[in-house]
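Hi,

Here is the structure for you to look over. My notes on helices, voids and backbone follow below.

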Amino acid sequence: MKKHIHLILLISNRAAAFLHLVKLNKALADADTTIALDPNWEKGYFRKGCILEAMERYDDALATFETALKYNPQSSEVTKKVKRLSQLAKDKKRAQEVENLRSNVDMSKYLESLKSELSEKYEGEKGREIFSFLVETMETAVRSWHQTSKVDARVYFFLDKERTETEKYAPVVNIDKAFESPHTHSSCFSFLRQYAEDSFSKAACLVAPKSIISYPQVWKGQGIRKWRHGQNDGFFVQLESPVLRILWFIPTSNEKGQALCRDPEVLDITAHEVLPRLFKQT
């Protein structure tokens with residue numbers, strides 16, 4: 001460095017000036033020249049790291065700062081940069097993971113055992129059809145939460161293509177008032193049970209956000225009804241059919257500024273049912 005010290009300092013300082021002026025490509029070229037003139041000088045790598053950081057090339061910046069630290073392990077300035085960039089890299093990686101989870105919704109992977117159970121209980125295609133109906137309903141709810149941070153309280157009916165009067169019976173019933181009181185809950189249940197029978201539905205799937213449920217607040221039970229799934233916000237999904245009833249709670253959170261649904265948790269439906277049985281048991 002002694003031979004070229006003035007030239008190296010000049011180019012290094014010019015790199016800093018270009019960085020200040022946000023002429024990043026020129027700054028990076030000068031930083032590379034500084035390193036080429038003296039590969040053992042920590043300041044050259046520090047300059048380059050700062051420029052790469054300004055370019056939001058965080059992985060490259062971190063690697064460059066780590067190289068600087070090898071030449072001057074006592075530098076608190078470089079150590080702070082390494083710690084900051086390490087955290088930024090972790091945050092960036094997690095943000096990408098969250099975005100992948102939000103974009104690639106696949107509920108079937110959580111329901112493989114149910115798929116087999118439905119195939120055993122139903123002959124022919126019916127079990128597979130109910131499974132597809134459930135997966136589609138759950139995925140629709142998850143996507144809605146990811147996009148709007150909410151789901152509507154609804155019951156989805158799997159109608160009989162041959163027997164249902166489709167002009168009279170819709171595949172979706174809104175139940176946003178069902179959970180206001182024991183009275184509204186009872187009235188809604190009676191209506192839904194009759195609806196399922198009259199429409200010749202093969203199955204039904206309830207989706208209800210925890211936040212709107214004043215009754216029944218199934219997460220406030222004691223003893224065998226004690227809630228064991230934390231205080232997360234989220235929504236319930238309850239599958240109803242003549243031979244099978246299953247209840248899930250899908251916890252939600254906000255991570256990296258994005259709404260995110262967590263893995264569905266199976267609940268004991270005898271302790272936490274959101275609605276009583278809709279179909280007569282067979």
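Predicted model: local features only at pLDDT ≥ 70, side-chain atom pairs only at ≥ 80, totals over all residues.

Helix 7 has 23 residues, so at 1.5 Å a residue it should span 33 Å, and the 33 Å between its end C-alpha atoms agrees. The expected span is 1.5 Å times one less than the number of residues. Helices (H or I, at least four residues) and strands (E, at least two) are DSSP runs, numbered from the N terminus.

Residues are numbered from 1 along each chain as its sequence is written, and side-chain values use heavy atoms, with hydrogens and water left out.

**Helix packing**

Helix 7 (residues 126-148) meets helix 6 (residues 112-121). Their axes come within 8 Å and cross at roughly 145°. Axes are lines fitted to C-alpha atoms, for helices over the stretch in contact; angles run from 0 to 180 degrees between N-to-C directions. The crossing of helix 6 and helix 7 is right-handed. A crossing is left-handed if the near helix is turned anticlockwise from the far one by less than a right angle, and right-handed if clockwise. Helix 6 brings Leu-114, Lys-115 and Leu-118; helix 7 brings Gly-127, Ile-130, Phe-131 and Leu-134. Contact means heavy atoms within 4.5 Å. By class, that contact has five nonpolar, one polar and one charged residues. Ala, Val, Leu, Ile, Met, Phe, Trp, Tyr, Cys and Pro count as nonpolar; Asp, Glu, Lys and Arg as charged; the others, Gly among them, as polar.

Helix 3 (residues 42-54) packs against helix 5 at about 30°, with the axes 11 Å apart. This crossing is left-handed. Glu-42, Lys-43, Phe-46, Cys-50 and Glu-53 in helix 3 meet Glu-77, Val-78, Lys-81, Arg-84 and Leu-85 in helix 5. The classes here are four nonpolar, no polar and six charged.

**Pockets and cavity**

The search used a 1 Å grid over the protein atoms alone: a cavity is a set of points where a 1.4 Å probe fits but cannot get out, a pocket is an open set with protein on both sides within 12 Å along at least five of seven lines, and lining residues have an atom within 4 Å of a point. Grid points are joined across faces, edges and corners, and a volume is the space filled by probe spheres set on the points.

- Largest pocket: about 220 Å³. It has 15 lining residues, with Leu-101, Tyr-110, Cys-261, Arg-262 and Asp-263 nearest its centre. Helix 5 (76-103), helix 7 and strand 6 (258-261) each give two or more residues to the lining. Eight lining residues are nonpolar, two polar and five charged.
- Second largest pocket: about 160 Å³. Its lining includes Arg-193, Glu-197, Leu-278 and Lys-280.
- Cavity: the whole structure holds one of 30 Å³ or more. Val-155, Ala-204, Cys-205, Leu-206, Gln-238, Glu-240, Leu-275 and Leu-278 line the largest cavity. Strand 3 gives the largest share, three residues.

**Backbone**

Tyr-215 and Pro-216 are joined by a cis peptide bond, omega about 0°. Pro-216 lies in the loop between strand 3 and strand 4. Val-22 is not a glycine, yet its phi is positive, about 60°. Val-22 sits in the loop between helix 1 (5-20) and helix 2 (24-37). Most residues other than glycine have a negative phi, and most peptide bonds are trans.

Best wishes
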